[in-house]
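Subject: Structure handover

Hello,

Here is the structure you asked for, with my notes below it. Please read them with the model open.

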Amino acid sequence: MKILVCISHVPDTTSKINFTNGDSEFDTNGVQFVINPNDEFGLTRAIWFQEQQGANVTVVNVGGPDTEPTLRKALAIGANDAIRINANPTDGFFVAKQLAEVIKTGGYDLVIAGKESLDYNGGMVPGMIAGILGINFVNSCTELTIDGTAAKASREIDGGKEIVSTTLPLIVGGQKGLVEEKDLRIPNMRGIMTARTKALTILEPISAASETKAIKFEKPAAKSAVKLISPDNLDELINLLHNEAKVI
């Protein structure tokens with residue numbers, strides 16, 4: 001079985017976020033980048049298929065040379081090889097077109113992507129790929145088993161879960177539950193050294209239009225100062241809740 005895992009290169013959630021050029025561009029200065037958490041769950045599940053069923057695991061990313069450390073980390077975790085599509089991931093449709101081309105030419109049986117990246121939270125790329133290629137798609141996937149060409153998946157729905165059966169080739173939008181956080185792999189020294197010798201192929205992008213453009217970013221409003229009220233001063237508390245907070 002050939003598995004392709006789509007990897008997004010996203011800021012660590014502890015990073016301080018700023019914007020430049022009139023708040024129209026993300027400022028990468030001083031920001032630590034990591035594998036998108038939803039993608040990391042998918043990668044860990046793919047490595048399980050590699051160990052249990054002999055699958056070959058390739059990771060792919062759309063991005064510039066600055067994303068290669070993230071791909072190398074995926075290789076250190078256990079992926080067999082990596083592909084970097086040498087392009088700026090301008091929007092979801094552009095990224096989906098690039099990934100669809102790799103899938104079409106690579107003959108992959110299973111494609112695992114995170115259901116969304118934690119920077120833009122678009123949640124559109126896996127579904128777009130499935131639409132472009134016309135292959136089966138399960139989103140918000142929390143469990144996945146493969147037996148030959150048959151697949152069984154559980155997906156999160158409002159108030160519960162749905163269990164579905166389908167066939168390969170298949171695209172999965174994964175999330176926490178596909179594996180648990182305790183099962184995520186931390187690269188060891190042997191994995192890091194081995195990753196240096198694994199293949200990292202660089203592909204030039206195909207021609208594809210960018211359908212959307214970021215005009216401006218706005219950060220959430222700063223939290224107002226906390227007002228402390230004496231527990232004995234209930235009248236003042238009620239006054240503030242009614243006239244200032246306007247919640248009663």
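Predicted model: local features only at pLDDT ≥ 70, side-chain atom pairs only at ≥ 80, totals over all residues.

Overall make-up

The chain has 6 helices and 13 strands. Its C-alpha atoms fill a box of roughly 70 × 45 × 40 Å along the principal axes. Of the 248 residues, 39% count as buried. If we take the contacts between residues at least 6 apart in sequence, 69% of them join residues at least 24 apart.

The sheet

How enclosed is β8 by the rest of the structure? Since 5 of its 5 residues are buried, β8 is largely enclosed. In a regular strand, side chains alternate between the two faces of the sheet. For β8, both faces are covered: Leu110, Ile112 and Gly114 are buried on one side, and Val111 and Ala113 are buried on the other.

Helix α2 and Thr70

Helix α2 spans residues 68-77 and contains Thr70. The buried residues of α2 are Thr70, Leu71, Ala74, Leu75, Ala76 and Ile77. Thr70 itself has a relative accessibility of 5%, which is why it counts as buried. Which side chain does the side chain of Thr70 make a polar contact with? The partner is the side chain of His9, at 2.7 Å. Leaving out residues up to four places away in sequence, Thr70 touches Ile7, Ser8, His9, Val34 and Ile35. After α2 comes Gly78, which has a positive phi, near 145°.

Aromatic residues

A search of the whole structure gives 5 aromatic pairs. A pair of aromatic rings is described by the distance between the centres and the angle between the planes. For Phe19 and Phe217 the centres are 4.7 Å apart and the planes are at 5°, so this pair is stacked. Phe19 is in strand β3 (residues 19-20) and Phe217 is in the loop between β13 and α6 (234-243), so the pair links parts of the chain 198 residues apart.

Phe217 also pairs with Tyr120, and that pair is tilted, at 6.3 Å centre to centre with 45° between the planes. Tyr120 lies in the loop between β8 and α4 (125-133), and Phe217 in the loop between β13 and α6, so the pair ties together parts that are 97 residues apart in sequence.

Are Phe217 and Tyr120 buried or exposed? Phe217 has a relative accessible area of 19% and is buried; the cut-off for buried is under 20%. Tyr120, at 56% relative accessibility, counts as exposed. Both residues belong to one aromatic cluster, formed by Phe19, Phe26, Phe33, Tyr120 and Phe217.

Charges over rings

Lys2 lies over the face of Tyr108, at 4.8 Å from the ring centre. The charged end of Arg45 sits over the ring of Phe49, 5.0 Å from its centre.

Regards

How values were computed:
Residues numbered from 1 in each chain as written. Heavy atoms only, no water. Helix = DSSP H or I, 4+ residues; strand = E, 2+ residues; numbered from the N terminus. Buried < 20%, exposed > 50% of the residue type's maximum accessible area, 1.4 Å probe, protein only. Polar contact = N/O pair within 3.5 Å; in protein donor to acceptor, adjacent residues only side chain to side chain. Contact = heavy atoms within 4.5 Å. Phe/Tyr/Trp six-rings, centres within 6.5 Å; stacked < 30°, edge-to-face > 60°. Lys NZ or Arg CZ within 6 Å of the ring centre and 35° of its normal.
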